[in-house]
Amino acid sequence: MELADRVCVVTGGAGGIGAALARRFVAEGAAAVVISDIDEERTQAAAHRIGCVGIACDVTDEDSVQALVTEVIADHGEIGLFASNAGASVDGGIDVEDEDWQKLWDLHVMAHVYAARAVVGPMMAAGGGYLLQTISAAGLLASLSSLPYTVTKTASLAFAEWLAIVYRDSNIRVSAVCPLVVETPLAVRFQLDAGPGPAMRPDEVALAVVEGIREERFLILPHPEVGDYLERKSSDRDRWLSGMSRLYRHATSETGEGAS
């Protein structure tokens, strides 16, 4: 799909990958780009910098997501691409508090559900559309610094796969963006999560996303090495688990931290 003349919505759009996506969509000639974030002032400031529209939205509240979609369609006629991008991270393992587990579940899973409930019907009525979901390499592999992040991103990947299967014949395409570490406040701590290379800039991720959308690829891997890691995991899961355990042991021995 080409982005030119499309109406695009990006949640979590006030910074990081979301803002980079919005900038890229504007550069690609989108008919309109709408960003949303939970804070009104921050949303409007980012929209002014990018040159797009800003609408505050709490993506963990279904009524707020529905209101966002309703407003965009009222103003622009339809939504060609909806990018569910908002995210957060909480460090820790099984000791993480229930409220933090719930926070990440609402943000990484239910926010995608609410978006799909709101936008799939209008997209089908318009003849099709595109759902872009910012997930993470953690959804394919693991983020050893955060168990809740790993679990919720894995669930969001499964949801994206289901959408791609069920709505394909309705001309709705789905892509899951799964980068390693990106230069944003969400960057995780352990070098083993980042891989051997440096963190990627958000604008580089956005370029990879546009290319993936153009080719309508389900998995968009801005860090190509993630594909190699995934192949190793799929070909011999026991060996992969053993290797990841060694990496975790090495990382925690250097930091003095470990599982609790």
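This is a predicted model: local features need pLDDT of at least 70, side-chain atom pairs count only at pLDDT 80 or more; totals for chains, interfaces and linings use all residues.
Helix 4 and helix 5 are roughly parallel to each other.

**Helix packing**

Two packed helices are described by the angle between their axes and the distance between the axes. Helix 4 covers residues 98–125 and helix 5 covers residues 147–166. Their axes come within 8 Å and cross at roughly 15°. Because angles under 35 degrees count as roughly parallel, the pair falls in that class. The crossing of helix 4 and helix 5 is right-handed.

On the helix 4 side, the residues that meet helix 5 are Trp101, Leu104, Trp105, His108, Val109, His112, Val113 and Ala116. They face Leu147, Pro148, Tyr149, Val151, Thr152, Lys153, Ala155, Ser156, Phe159 and Leu163 of helix 5. By type, the residues of this contact divide into 13 nonpolar, 4 polar and 1 charged.

Helix 4 also packs with helix 3, which spans residues 62–76. Here the angle is about 30° and the axes are 8 Å apart. Helix 3 and helix 4 are therefore roughly parallel to each other, and their crossing is right-handed. Glu62, Val65, Gln66, Val69 and Ile73 of helix 3 meet Tyr114, Ala115, Arg117, Ala118, Val119 and Pro122 of helix 4. The residues of this contact comprise 8 nonpolar, 1 polar and 2 charged.

**A histidine in helix 4**

His112 lies in helix 4 and is one of the residues that meet helix 5. With a relative accessible area of 3%, His112 is buried, because buried means under 20%. A polar atom of the His112 side chain lies 3.3 Å from the backbone oxygen of His108. Not counting residues up to four places away in sequence, His112 touches Ser84, Gln133, Thr134, Ser156 and Phe159. Of these, Ser156 and Phe159 belong to the helix 5 side of the packing described above.

**Two residues with positive phi**

Most residues other than glycine have a negative phi, and most peptide bonds are trans. Asn171 has a positive phi, near 65°, and Glu216 has a positive phi of about 55°. Neither residue is a glycine. The table gives their places and accessibility.

| Residue | Phi | Loop | Relative accessibility |
|---|---|---|---|
| Glu216 | about 55° | between helix 7 (202–215) and strand 7 (219–220) | 37% |

Leaving aside neighbours within four places in sequence, Arg168 is in contact with Leu163 and Arg173. Arg168 and Gly128 are 40 residues apart in sequence, and their C-alpha atoms are 9.3 Å apart in space.

Val26 is in helix 1, residues 16–27. At 33% relative accessibility, Val26 counts as partly exposed. With neighbours within four places in sequence left aside, Val26 is in contact with Val33, Ile50, Gly51 and Cys52. Ala199 is 173 residues from Val26 along the chain, and the C-alpha atoms of the two are separated by 24 Å.

Definitions and conventions
Residues are numbered from 1 along each chain as its sequence is written. Side-chain values use heavy atoms; hydrogens and water are left out. Axes are lines fitted to C-alpha atoms, for helices over the stretch in contact, and angles run from 0 to 180 degrees between N-to-C directions. Helices (H or I, at least four residues) and strands (E, at least two) are DSSP runs, numbered from the N terminus. Angles under 35 degrees count as roughly parallel, over 145 as roughly antiparallel, 65 to 115 as roughly perpendicular and the rest as oblique. A crossing is left-handed if the near helix is turned anticlockwise from the far one by less than a right angle, and right-handed if clockwise. Contact means heavy atoms within 4.5 Å. Ala, Val, Leu, Ile, Met, Phe, Trp, Tyr, Cys and Pro count as nonpolar, Asp, Glu, Lys and Arg as charged, and the others, Gly among them, as polar. Buried means under 20% relative accessible area, exposed over 50%, partly exposed in between (1.4 Å probe, protein chains only). A polar contact is a pair of N or O atoms within 3.5 Å; within protein, one must be able to donate a hydrogen and the other to accept it, and residues adjacent in sequence count only if both atoms are side-chain atoms.
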